[in-house]
There are 2 protein chains.
Amino acid sequence: MPKARLTPASVTEAGAELVDEVGFDNLSMGLLAERLGVKTPSLYKHVASQAELAHRIAVLAMTEAGDAIRDAIQGRSGSDALAAGAQAMRTYVREHPGRYAAANATRPTGPDDPFIPASERVMASWAAMLSGYDLDPGQKIHAMRTLRSVLHGFATLETAGGFQIDASVDDSFTWLVNFIDQGLRAGPASGSDAAR
Amino acid sequence: MPKARLTPASVTEAGAELVDEVGFDNLSMGLLAERLGVKTPSLYKHVASQAELAHRIAVLAMTEAGDAIRDAIQGRSGSDALAAGAQAMRTYVREHPGRYAAANATRPTGPDDPFIPASERVMASWAAMLSGYDLDPGQKIHAMRTLRSVLHGFATLETAGGFQIDASVDDSFTWLVNFIDQGLRAGPASGSDAAR
DNA sequence: AGCTAAAGGCTAACCGCATTAGCCACAGCT
DNA sequence: AGCTGTGGCTAATGCGGTTAGCCTTTAGCT
């Protein structure tokens, strides 16, 4: 009964939807096959292995997240760009926790891995956003890493249920973004005495 | 040939050492058994399952990390306490990436899970450290979450190899800690216009 | 000092899940 | 109509976690 008409892309997309529902650790070929109305071994006609599937999902996630962040920053600058970009990233991770987990579990497989340009596009958006602040060129890399650390850390802690319910997580995120904004505005001074 | 003399604690400790070497994803009962000079099924006389083993490792990790942070903060305050505590946490994660991953993969199993007091002790250290800054009481929770986010995010990105080699990761961490310190010193002002 | 029972090791077996091998039907081209 | 490649399927393999049941050593008791 040839009916399913699967392709590597459609399998990846279905895998991405599934992984957001069941979590990265619970992703299995059997579950995905069932979802697609097909027997497990049939999937291997479209993806080489579960590892490759996870990698494809990771690339998809990076691409989608990169687009979301770029679009959010588009047309804004400074504090507005930071707030919009940070919110876009947080929203993406909340809506696609499985894909984000897949992206975090992935390491580039080689120099021509499409995961590399996908993540570079994310980096480029953050860099563009940071250029709206008056930072010393030598500090830009540190600011970038700090920014990535907070956003990544917040997003993973949030999806892992790491925050108790005492206070609004939304408020905390707003506070966090504002905190970063203020620090970046304080600019060069914040790093000049780094050797304190 | 009864020779091994294993206990739940010794199995957990060996598991912790192993997981730091091979990574959380590659932890297996077979590997641990081999390490202990025993056949796989024998481990089940000491731990109920691999999940329980991982959970015990997680509790151990939280306890050790909590101790390290408390000791680092001990006798210091303000910026010094922040720098020492942050460095202690980063060092712990770098030296024990597998245990830290185990801790992150763990959710409390119930109200009397020893994982809960263990993580509360970590929180208490951070809270004590933050009390060295002049923060509005209502903002303390946000500052805490922001602090946890950066430190957790930096540590996980670092161990995952998420930072390229262009610039020193040590320098970035120093910059990050300094950035947070400056922001916390700026104090109440940094949150007062959170609704911007 | 010998007896007994629990502790803790072992082998054999089970099960789920990823993966592979080999088969077969249908679609499109000639 | 026949040929061939695509994409499905069933059957089988192998690994890793887990369970069942056996057997020896050892601690404790009398």
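This is a predicted model: local features need pLDDT of at least 70, side-chain atom pairs count only at pLDDT 80 or more; totals for chains, interfaces and linings use all residues.
**Stop 1: chain A as a whole**

Begin by selecting chain A and colouring by secondary structure. Nine helices and zero strands make up the secondary structure of this chain, and the pattern along the sequence is accordingly α-α-α-α-α-α-α-α-α. Along the principal axes, the C-alpha atoms occupy a box of roughly 70 × 45 × 35 Å. Chain A has 196 residues, of which 47% count as buried. Among the contacts in chain A with a separation of 6 or more, 65% are between residues 24 or more positions apart.

Next, colour chain A by confidence. The mean pLDDT is 93, and 93% of the residues reach 70 or more. Select residues 190–196 of chain A: there the pLDDT is below 50, although the stretch has 17 contacts in the model beyond near neighbours in sequence.

**Stop 2: helix α5 of chain A**

Select residues 97–105 of chain A, which form helix α5. Which residues of this helix are buried? They are A:Gly98, A:Arg99, A:Tyr100, A:Ala102 and A:Ala103. To see what covers them, display α1 (8–22), α3 (50–73), α4 (78–95), α6 (115–130) and α7 (137–159) of chain A, which are included in that cover.

Now show the side chains of A:Arg99 and A:Glu13. The two form a salt bridge whose closest N and O atoms are 4.0 Å apart. A:Glu13 belongs to helix α1 and A:Arg99 to helix α5, so the pair ties together parts of chain A that are 86 residues apart in sequence. A:Arg99 counts as buried because its relative accessibility is 5%, whereas A:Glu13, at 31%, counts as partly exposed.

**Stop 3: salt bridges within a single helix**

By the rule applied here, the model has 26 salt bridges over all chains. Two further examples may be displayed in turn.

- Select A:Glu52 and A:Arg56. Their closest N and O atoms are 2.8 Å apart in a salt bridge, and both residues lie in helix α3 of chain A, four residues apart, about one turn of the helix. A:Glu52 is partly exposed, at 27% relative accessible area, and A:Arg56 is likewise partly exposed, at 32%.
- Select B:Arg185 and B:Asp181. Here the salt bridge has its closest N and O atoms 2.9 Å apart, and both partners lie in helix α8 (residues 169–186) of chain B, four residues apart, about one turn of the helix. B:Arg185 is partly exposed, with a relative accessible area of 49%, while B:Asp181 is buried, with 2%.

**Stop 4: the contact between chain A and chain B**

Display both chains. Chain A contributes 43 residues to the contact, and chain B contributes 43 residues. About 3,700 Å² is buried between the chains, and carbon and sulfur atoms give 59% of this area. Highlight A:Arg145, A:Trp175 and A:Phe179, which supply 22% of the area that chain A buries against chain B, more than any other three residues.

How many residue pairs are in polar contact between chain A and chain B? The count is 18, with both residues at pLDDT 80 or more. On the side of chain A that touches chain B, the elements giving two or more residues are α4, α7, α8 (169–186) and α9 (189–192). Of these, α7(A) gives the most, with 14 residues.

Select B:Thr146, in helix α7 (residues 137–159) of chain B. B:Thr146 is buried, with a relative accessible area of 3%. Beyond residues up to four places away in sequence, B:Thr146 touches A:Val150, A:Trp175, A:Leu176 and A:Phe179.

**Stop 5: the nonpolar core**

In soluble globular proteins, nonpolar side chains tend to be buried together. The largest nonpolar core of this model has 61 residues, and A:Trp126, A:Met129, A:Ile180, B:Trp126, B:Met129 and B:Ile180 touch the most other members. Centre the view on A:Ile180. Apart from its neighbours within four places in sequence, A:Ile180 is in contact with A:Leu82, A:Leu147, A:Val150 and B:Phe179.

**Stop 6: a buried histidine in chain B**

Finally, select B:His96, in the loop between α4 (78–95) and α5 (97–105) of chain B. B:His96 counts as buried because its relative accessibility is 18%, below the 20% limit. Its side chain makes a polar contact of 2.9 Å with the side chain of B:Asp20.

Methods: Residues are numbered from 1 along each chain as its sequence is written. Chains are lettered from A and ligands numbered from 1 in the order in which they are written. Side-chain values use heavy atoms; hydrogens and water are left out. Buried means under 20% relative accessible area, exposed over 50%, partly exposed in between (1.4 Å probe, protein chains only). Contact means heavy atoms within 4.5 Å. A nonpolar core is a set of buried Ala, Val, Leu, Ile, Met, Phe, Trp, Tyr and Cys residues joined through side-chain atoms within 4.5 Å. pLDDT is the predictor's confidence in each residue, from 0 to 100. A polar contact is a pair of N or O atoms within 3.5 Å; within protein, one must be able to donate a hydrogen and the other to accept it, and residues adjacent in sequence count only if both atoms are side-chain atoms. Buried area is the accessible area (1.4 Å probe) that two parts lose on being put together, summed over both.
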